Amino acid sequence: MPLFSIIIPVYNVQNYLSACVKSVVEQPGPRDWECILVDDGSTDQSGAMCDALAAELTGLKAATGDWLLFLDSDDAMAPGLLAQLRGALAAHPDCDWFIGKHLEWQPDGTLTPHDGLHLVPGPFAS
């Protein structure tokens with residue numbers, strides 16, 4: 001059973017989908033994850049791309065991981081994210097959920113903090 005189920009909703013993102021899935025596949029560390037692409041009625045080639053990617057990445061029928069991760073199909077997973085998350089899970093086994101940073105790609109390729117999202121790192125009660 002995988003540790004992480006990464007669910008990616010897909011709608012008309014043919015220009016971003018390959019990079020999004022590649023950012024998951026190239027995560028260092030154990031293959032303790034599954035990647036589930038959910039085509040939401042795309043009218044571009046996104047649906048066909050999902051089918052092609054599913055042929056390469058088997059076992060995309062249902063999430064069975066201990067943890068679910070949601071990744072928008074026009075976004076990419078930061079290199080090393082799963083490794084950092086494994087460490088956070090081990091350090092905080094009492095937590096039920098984690099929230100990560102959201103950075104925006106700029107046209108020059110740099111990453112900048114998202115202006116409207118202010119998260120405080122660490123566990124908290126809610």
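1. Let's start with Cys20. Cys20 counts as buried because its relative accessibility is 1%; here "buried" means under 20% relative accessible area, "exposed" means over 50%, and "partly exposed" is in between, using a 1.4 Å probe and protein chains only. Cys35 has 3% relative accessibility, so Cys35 counts as buried too.

2. A quick word on what you're looking at. This is a predicted model, where local features need pLDDT of at least 70 and side-chain atom pairs count only at pLDDT 80 or more, while totals for chains, interfaces and linings use all residues. Residues are numbered from 1 along each chain as its sequence is written, and side-chain values use heavy atoms, with hydrogens and water left out.

3. Back to the cysteines: how many disulfides are there? A disulfide is a pair of cysteine sulfur atoms within 2.5 Å, and by this rule the count is zero. For Cys20, the nearest cysteine sulfur belongs to Cys35, 7.0 Å away, and Cys20 is in no disulfide. Cys35 is in no disulfide either, with the sulfur of Cys20 as its nearest, 7.0 Å away.

4. Now the overall layout. The chain has three helices and five strands, taken as DSSP runs numbered from the N terminus (helices: H or I, at least four residues; strands: E, at least two). Follow the sequence and you get the pattern β-α-β-α-β-α-β-β. Of the 126 residues, 31% count as buried.

5. Take a look at strand S1, residues 4-10. Six of its seven residues are buried, so S1 is mostly covered. Strands pair if DSSP finds at least two bridges between them. S1 runs parallel to S2 (residues 33-39), joined by seven bridges, and Ile8 stands opposite Leu37 in S2. To get from S1 to S2, the chain passes through helix H1 (residues 17-25), in a β-α-β crossover that is right-handed: with the strands pointing away from the viewer, the path from the first strand over the helix to the second runs clockwise. S1 also runs parallel to S3 (residues 67-70), with four bridges; there, Ile7 stands opposite Phe70.

6. Which residues of H1 are buried? They are Leu17, Cys20, Val21, Ser23 and Val24. These residues cover an arc of only 150 degrees around the axis, so they sit on the same side of H1; the arc is that of the directions from the helix axis to the C-beta atoms.

7. Next, the largest nonpolar core, which has 21 residues. Such a core is a set of buried Ala, Val, Leu, Ile, Met, Phe, Trp, Tyr and Cys residues joined through side-chain atoms within 4.5 Å. Ile6, Ile8, Leu17, Val24 and Leu37 have the most contacts inside this core. At least two core residues come from each of S1, H1, S2, H2 (46-56) and H3 (81-91). Contact means heavy atoms within 4.5 Å, and, leaving out residues up to four places away in sequence, Ile8 touches a list including Cys20, Cys35 and Leu71.

8. Leu3 lies in the segment before S1 and counts as partly exposed because its relative accessibility is 23%. Leu3 and Trp33 are 30 residues apart in sequence, yet 5.7 Å apart in space, C-alpha to C-alpha. Apart from neighbours within four places in sequence, the contacts of Leu3 include Asp32, Trp67 and Arg86. Arg86 is in helix H3 and counts as buried because its relative accessibility is 18%.
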